Amino acid sequence: MIRIEHLTRRFHDLVAVDDISLHVKEGEIFGFLGPNGAGKSTTIKILTGFLPASSGKAVVGGLDVARDSLGVRRRIGYLPENVSLPVDARVDEYLEYRARLKGIGARARKRAQDQALEHCGLLDMRRR
C-alpha cells in the first residue's frame, strides 16, 4: 500500500514534485509514467527514503516514510537507474552485503542468497 498526500519536493527555486496525491492499494499494480522532468524519479526517491519531501506525507506499507524510512527500506526493494556496484565484489558477496543491509540473519541470509541465485539462473556465477 502506498499513500501520498500533497507531496512536494523543491530544490531551491525548482519544484520537482508539485503537490501530488495518490493511493495504491495492496496488491494493486500501478504504472508511474510521465515525461522526463515530471518528478517520477524524485517521487520514488522520496518513497524509498533516499530523499526527504519538502512537504506532504508519504506512507508505504503502513509506515510513514519521514518517520520510519529505515523500516520502509527493510520492506521494499529498490534498484535505482544508476547503481554503483563494487567492481571487485563477487555475486555472492554483493548478495550477502544487500541481505545484511535488510537485516536478514545468517541462516536465512544463506538461504535467501541461494534462492535469489537459483531464481535468476546464476548459481554457476556466484563466485564471479
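Is Thr 42 buried or exposed? Thr 42 counts as buried, because its relative accessibility is 14%; buried means under 20% relative accessible area, exposed over 50%, and partly exposed in between, using a 1.4 Å probe and protein chains only.

A word on the model: it is predicted, so local features need pLDDT of at least 70 and side-chain atom pairs count only at pLDDT 80 or more, while totals for chains, interfaces and linings use all residues. Residues are numbered from 1 along each chain as its sequence is written, and side-chain values use heavy atoms, leaving out hydrogens and water.

Thr 42 lies in helix α1. Apart from neighbours within four places in sequence, Thr 42 is in contact (heavy atoms within 4.5 Å) with Arg 9, Phe 11, Ala 16, Val 17 and Leu 51. Helix α1 itself lies across β1, β2 and β3, at about 115° to β1; axes are lines fitted to C-alpha atoms, for helices over the stretch in contact, with angles from 0 to 180 degrees between N-to-C directions.

Helices (H or I, at least four residues) and strands (E, at least two) are DSSP runs, numbered from the N terminus.

| Element | Residues |
|---|---|
| β1 | 2-11 |
| β2 | 14-24 |
| β3 | 55-60 |
| β4 | 63-64 |

The four strands make an open antiparallel sheet, ordered β2-β1-β3-β4, where pairing takes at least two DSSP bridges. At the edges, β2 and β4 each pair on one side only. Two bridges join β3 to β4, and Val 60 stands opposite Leu 63 in β4.

On β2 sits Leu 14, which is exposed at 52% relative accessible area.
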